[in-house]
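Reader: I am new to this one and would like to go through it slowly. Could you show it to me first, and then take my questions one at a time?

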Amino acid sequence: GRVIESEFDEAVEFVLGLSEPPLKSILHEGFVEWGFQVQTLAGVLEGQIDLWGKVDGRIYLIDYKSGSERFKEKAFEQLSLYAWALRQFKHTEPIELVVIYPLIQKVQSRNFSDDLFAKWQSRLNG
């Protein structure tokens, strides 16, 4: 168990040491395992965001992945849907979509664009 334990410790240190995104601030001020429901024309959309928070006028929407980056596009697709949902709760700040891979110590991020918002808007609300 020592190897797994030290890998876990390294992963936690990596995550807590991140300055981009500013993870300590997000954890301190944000929301962990945040569940939501949004009524759409297609029905009720339910989801649970691993972590999100606002720091310096920017929203960070974070998903942790334990595996490789193989399913990165799927992760960003899900985060963009969650960002659309946050907009329904009147959060208007710029949103950064962040996928963190603690075990391989990598971070991928993208901005949530107006185009992505429009895509979900037309798909869910006609």
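Reader: Which residues of α3 are buried?

Author: The buried residues of α3 are Ala 75, Phe 76, Leu 79, Ser 80, Leu 81, Tyr 82, Ala 83, Trp 84, Ala 85 and Leu 86, where buried means under 20% relative accessible area, exposed means over 50%, and partly exposed lies in between (1.4 Å probe, protein chains only). Please keep in mind that this is a predicted model, in which local features need pLDDT of at least 70 and side-chain atom pairs count only at pLDDT 80 or more, while totals for chains, interfaces and linings use all residues. Residues are numbered from 1 along each chain as its sequence is written, and side-chain values use heavy atoms, with hydrogens and water left out.

Reader: What do those buried residues of α3 pack against?

Author: They pack against β1 (31–40), β2 (43–55), β3 (58–64), β4 (95–101), β5 (106–111) and α4 (114–125). These labels come from DSSP runs numbered from the N terminus, with helices (H or I) needing at least four residues and strands (E) at least two.

Reader: And how many residues has α3?

Author: Helix α3 covers residues 72–88, which is 17 residues, and it reaches 25 Å from its first C-alpha to its last, close to the 24 Å expected at 1.5 Å a residue; the expected span is 1.5 Å times one less than the number of residues.

Reader: How many residues has the largest nonpolar core?

Author: The largest nonpolar core has 24 residues, and those with the most contacts inside it are Phe 36, Ile 49, Leu 61, Trp 84, Leu 86, Ile 95 and Leu 97. A nonpolar core is a set of buried Ala, Val, Leu, Ile, Met, Phe, Trp, Tyr and Cys residues joined through side-chain atoms within 4.5 Å. The elements that give two or more residues to this core are β1, β2, β3, α3, β4 and α4, and its largest share, nine residues, comes from α3. Apart from this core lies another, of 11 residues, among them Leu 23, Ile 26, Leu 51 and Tyr 60.

Reader: New topic, then: how many aromatic pairs are there?

Author: A search of the whole structure finds six aromatic pairs. In one of them, the rings of Trp 34 and Trp 52 have their centres 5.4 Å apart and their planes at 75 degrees, so the pair is edge-to-face. Rings of Phe, Tyr and Trp (its six-membered ring) pair if their centres lie within 6.5 Å, and planes under 30 degrees apart count as stacked, over 60 as edge-to-face and the rest as tilted.

Reader: Where do Trp 34 and Trp 52 lie?

Author: Trp 34 lies in strand β1 and Trp 52 in strand β2, so the pair ties together parts that are 18 residues apart in sequence. Both Trp 34 and Trp 52 are buried, and together with Phe 31, Phe 36, Tyr 82 and Phe 89 they form one aromatic cluster.

Reader: Which charged end sits over the ring of Phe 76?

Author: The charged end of Arg 110 does, 4.0 Å from the ring centre.

Reader: Last one: what follows α3?

Author: α3 is followed by Lys 90, whose phi is positive, near 70 degrees. Lys 90 is found in the loop between α3 and β4 and is exposed, with a relative accessible area of 69%.

Key:
Contact means heavy atoms within 4.5 Å. A charge sits over a ring if NZ of Lys or CZ of Arg is within 6 Å of the ring centre and within 35 degrees of the ring normal.
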